[in-house]
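Visitor: I have never looked at this one before. Could you walk me through it, one part at a time?

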Amino acid sequence: MQFMADITIPCEECGGKRFKRDILDIRYRGQNINDVLNMTIDEAIDFFSQADGPTEKKIVRRLTPLQQVGLGYLKLGQSSSTLSGGENQRVKLAYYLGMEVHDPTMFIFDEPTTGLHFHDIRLLMDSFDRLIALGHTVIIIEHNMDIIKCADHVIDIGPEGGDAGGRIVATGTPEEIAACSQSHTGRYLREKLDA
């Protein structure tokens with residue numbers, strides 16, 4: 001259990017830059033390692049795309065899946081302990097997209113859209129579509145109607161939460177769930193499907 005927030009104290013020697021002076025003196029296209037690690041993923045892709053070498057292309061190829069799942073705002077050197085649960089899920093998703101795993105795999109995501117802007121949700125949905133196109137199965141536990149309406153198959157569990165829930169209320173396509181009068185999800189889904 002975590003009772004207190006992490007405390008970080010910058011090193012007196014490097015000022016929190018994590019590298020010795022002789023390492024920080026090394027520059028690549030005007031930037032040292034600290035400058036690069038403080039770039040966002042979007043900035044790093046732009047920075048390395050401007051060079052034409054095989055190493056730079058490899059870096060861009062490795063970073064692009066993170067951008068594709070809507071994590072372009074993260075810094076390269078950002079500690080993983082500062083990421084939310086949804087961000088951690090998307091980092092793992094980007095890892096698999098970057099590997100282009102060909103063995104059929106089942107991916108389970110728990111509320112991956114929580115706190116996301118609608119643009120980032122669209123990027124996430126595109127990533128799910130890529131996984132499915134590669135032959136994988138994607139299971140999403142979600143309350144976001146914009147996601148549910150795009151599903152191939154929905155299992156609506158309820159009808160309420162806690163002791164009043166946990167039973168299958170309806171299964172089927174989003175349209176079939178919307179047609180179920182006992183489904184609270186169906187009621188909200190109808191509004192999305194009619195829009």
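Visitor: Which residues of helix 3 are buried?

Guide: This is a predicted model, and in its helix 3, which covers residues 41-49, the buried residues are I41, A44, I45, F47 and F48.

Visitor: Why are they on the same side of helix 3?

Guide: They cover an arc of only 165 degrees around the axis, so they come to lie on the same side of helix 3. As background, an α-helix has 3.6 residues a turn, and therefore residues three or four places apart point the same way.

Visitor: And what covers the buried residues of helix 3?

Guide: The cover includes helix 2 and also helix 4, the latter being residues 54-68.

Visitor: Let me jump to helix 9. Which residues are buried there?

Guide: In helix 9 the buried residues are T185, G186 and L189. Because they cover an arc of only 85 degrees around the axis, they sit on the same side of helix 9.

Visitor: What do they pack against?

Guide: The buried residues of helix 9 pack against helix 7, strand 3 and helix 8, where helix 8 is residues 174-178. On the other side of helix 9, by contrast, E191 and D194 are exposed.

Visitor: Which helices and strands supply its lining?

Guide: At least two residues of the lining of the largest pocket come from each of helix 6 (118-133), strand 2 (137-141), helix 7 (145-148), strand 3 (154-158) and helix 9 (184-194). Helix 7 and strand 3 are also among the elements that the buried residues of helix 9 pack against.

Visitor: How many of the lining residues are nonpolar, polar or charged?

Guide: The lining of the largest pocket has 18 nonpolar residues, together with ten polar and six charged ones.

Visitor: And the second largest pocket, what is its volume and what lines it?

Guide: The second largest pocket has a volume of about 460 Å³, and among its 19 lining residues R62, L63, L66, A94 and Y95 lie nearest its centre. Helix 4 gives the largest share of that lining, with seven residues, and helix 5, residues 85-99, supplies at least two. By class, the lining of this second largest pocket is made up of eleven nonpolar, five polar and three charged residues.

Visitor: Changing topic: where is N32, and is it buried or exposed?

Guide: N32 lies in the loop between helix 1 and helix 2, that is, between residues 21-24 and 33-37. With a relative accessible area of 7%, N32 falls under the 20% cut-off and therefore counts as buried.

Visitor: What is N32 in contact with?

Guide: Leaving aside neighbours within four places in sequence, N32 is in contact with L24, I26 and R27. For L24, the backbone oxygen lies 3.3 Å from a polar atom of the N32 side chain.

Visitor: Last one: where is G16 found?

Guide: G16 is in the segment before helix 1, and at 39% relative accessibility G16 counts as partly exposed. Not counting residues up to four places away in sequence, G16 touches P10 and C11. From G16 to N34 the C-alpha to C-alpha distance is 9.5 Å, while the two are 18 residues apart in sequence.

Notes
Residues numbered from 1 in each chain as written. Predicted model: local features only at pLDDT ≥ 70, side-chain atom pairs only at ≥ 80, totals over all residues. Heavy atoms only, no water. Helix = DSSP H or I, 4+ residues; strand = E, 2+ residues; numbered from the N terminus. Buried < 20%, exposed > 50% of the residue type's maximum accessible area, 1.4 Å probe, protein only. Polar contact = N/O pair within 3.5 Å; in protein donor to acceptor, adjacent residues only side chain to side chain. Contact = heavy atoms within 4.5 Å. Arc of directions from axis to C-beta. Nonpolar A, V, L, I, M, F, W, Y, C, P; charged D, E, K, R; others polar. 1 Å grid on protein atoms, 1.4 Å probe; cavity = no way out; pocket = protein on both sides within 12 Å on 5 of 7 lines; lining within 4 Å. Points joined across faces, edges and corners; volume = space filled by probe spheres on them.
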